[in-house]
Amino acid sequence: MTLSVVVVGGGLAGLAAAWELSGGPKGPGPDAPRVEVIEAAERVGGPLLAGTFAGRTVDLGPDGYLARRPEATQLITELGRADDLVPIAASGASLYVGARLVPIPRSLSLGVPTTVDAVREAGLSWRARWAARRDWWWPAPLEVGEDASIGRIVRTKLGDEIAAKIVEPMIGGIQAGRIDDLSAATVFPPLLAAARRGGSLMKALTPPATAGASPAPAGPAFYSLRDGLGSLPPTLRGALEERGVLVRTGVAVSAVRRAATGPRWLVETEATVTPADVVILATPAVATAQLVGALDDDLAALARVDRAGAAMVALRFRDDDLRLPPAGTGVLVPLGTPWRGGGTMMTTALTFLDRKWPHLAREGETLLRAHVGRIDDRRWSEMDDATLVARVVEELGVLVGAGEPRETAVSRWAEGLAQYRVGHAALVERARTGAARVGLHLAGSSYDGVGVPASIASGRDIAREVLAARD
Ligand SMILES: Cc1cc2nc3c(=O)[nH]c(=O)nc-3n(C[C@H](O)[C@H](O)[C@H](O)COP(=O)(O)OP(=O)(O)OC[C@H]3O[C@@H](n4cnc5c(N)ncnc54)[C@H](O)[C@@H]3O)c2cc1C
């Protein structure tokens, strides 16, 4: 009998799961399952969205993915779009430290300085340099168990200033979280391993073969797509529909119930009930807890995986209306950077869009994107677009000498990024055990890593498990 699978959530993880279930690169065989994807939003793809800005197709959500991981490139290739891949054309970035922009030092290992010189180059104080030197020669003792916060490790070993001015903007920014909450075991496993080894953190993080030198990059660090990364979900949807996968949008799943007879599950929306042998929940953990928490306490505990919302402001300037550093992909602004008149800056990062992706460049113009919002900074959500743009433009005046932009666009991502707090791995393991107990499957960025390749991998891996269990 044909296996019927419902995938709840049409973000990248859900779509990738459906792709794998419907045969992956080979396409559906004679025993292919019947697959239905149900997505609450009017479109698939979650934050992946491209739109027209300044006469160009620009990403309003994620604009590039880590090339080192193969999963996104592989999927794009399977979809026949390898020729649309665009490698990033710039490298490096600047930090806003001491009211000036300094190039991020080269001797960092995933955001943590590995030499005393790197701390000096980042423009940090003599205290921070001393803390680095102390770590090299007289490292502070630190006991870590199964997990610890990134902040606790870095603050103990390298002091508060390095933590706040280098590590927080580089690592905390990736998840719009706080390094004092984020789990080293899941966000940055090499850091936990280095801390466990004891001794100097900087020495432990120095790549052995290339100590003191920066390794030659083997290829581009990031890829995007010519029509924006936001064009990937519609491509995937089209390919799935061609294969006979039913993709429903603008329909929220309201309940997942055990069936009394026939297929194991009934997946309910306001107007429909779909019977299914298998249900893959590719929804954010909080939504999953709401839908199936009543079936198992460990699934209910997923409500604890909160999410940090964020907003982005795209801006078009005339070149002579701002002064950018000569190189790099953007600027990182440490949290707590004071803002005039009190409070702190809202901008956490600035992306030089048309330097990263040269197909967006136009003579005499510059496209920037400002990022605002962290887990504990939701000021953007209380501002209307005009107020948010005005504030960002004022801050860009200080950061890069910007005048008035010629055009702006705001995108808001209230669902934002899952927070992998200390103990996240254990929480996910228990939830997956709970899901297996009741016969459900969990996929997506709440569990298996944040980022485009990780979400694709998560969806496809779960689909492979489902297919293997059937065979
Ligand atoms: C602002 C922002 C910038 C980012 N930038 C980058 C970047 O530059 N590079 C990178 O690699 N990654 C980036 N990411 C991360 C990346 O976008 C995510 O890891 C990935 O898109 C998550 O995909 P997902 O399928 O796991 O989750 P989601 O995309 O969140 O999909 C879950 C889906 O479930 C749906 N859903 C929820 N409840 C229900 C329900 N009851 N019924 C039906 N559907 C439901 C939601 O509407 C959503 O579409 C960024 C994320 C954000 C928010």
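A nonpolar core here is a set of buried Ala, Val, Leu, Ile, Met, Phe, Trp, Tyr and Cys residues joined through C-beta atoms within 7 Å. Buried means that 20 or more other C-beta atoms lie within 10 Å of a residue's own; 12 or fewer makes a residue exposed, values in between make it partly exposed, and C-beta atoms are placed from the backbone. The model is predicted: local features need pLDDT of at least 70, side-chain atom pairs count only at pLDDT 80 or more, and totals for chains, interfaces and linings use all residues. Residues are numbered from 1 along each chain as its sequence is written.

**Core**
- The largest nonpolar core holds 148 residues. Ala 17, Ile 150, Ile 162, Val 279 and Ile 280 touch the most other members.
- Helix α5 (residues 150-171) gives this core its largest share, eleven residues.
- Val 279 touches Val 6, Val 8, Val 256, Trp 265, Val 267, Leu 440 and His 441, leaving aside residues up to four places away in sequence. Contact means C-beta atoms, placed from the backbone, within 7 Å.
- In soluble globular proteins, nonpolar side chains tend to be buried together.

**Overall fold**
- The chain has 15 helices and 22 strands. These are DSSP runs numbered from the N terminus: helices are H or I of at least four residues, strands E of at least two.
- The radius of gyration is 23 Å, close to the 23 Å of the globule rule for 471 residues, so the chain is as compact as a globular protein of that length. The radius is taken over C-alpha atoms, and the rule is 2.2 Å times the number of residues to the power 0.38.
- Along the principal axes, the C-alpha atoms fill a box of roughly 70 × 55 × 45 Å.
- Of the 471 residues, 50% count as buried.
- Among contacts between residues at least 6 apart in sequence, 71% join residues at least 24 apart.

**Domains**
- The chain divides into domain 1 (4-45 + 69-78 + 231-305 + 421-470), domain 2 (107-210) and domain 3 (307-418). The bounds come from an automatic or database domain assignment.
- C-alpha centres of domain 1 and domain 2 lie 36 Å apart. Six residues from domain 1 and nine residues from domain 2 make the contact.

**A three-stranded sheet**
- This open sheet has the order β13-β14-β15, with antiparallel pairing. Strands pair if DSSP finds at least two bridges between them.
- β13 (253-258) and β15 (273-276) are the edge strands, each pairing on one side only.
- β13 and β14 (residues 265-269) pair over five bridges. Arg 257 stands opposite Leu 266 in β14.

Methods. Two residues are in contact if their C-beta atoms, placed from the backbone, lie within 7 Å.
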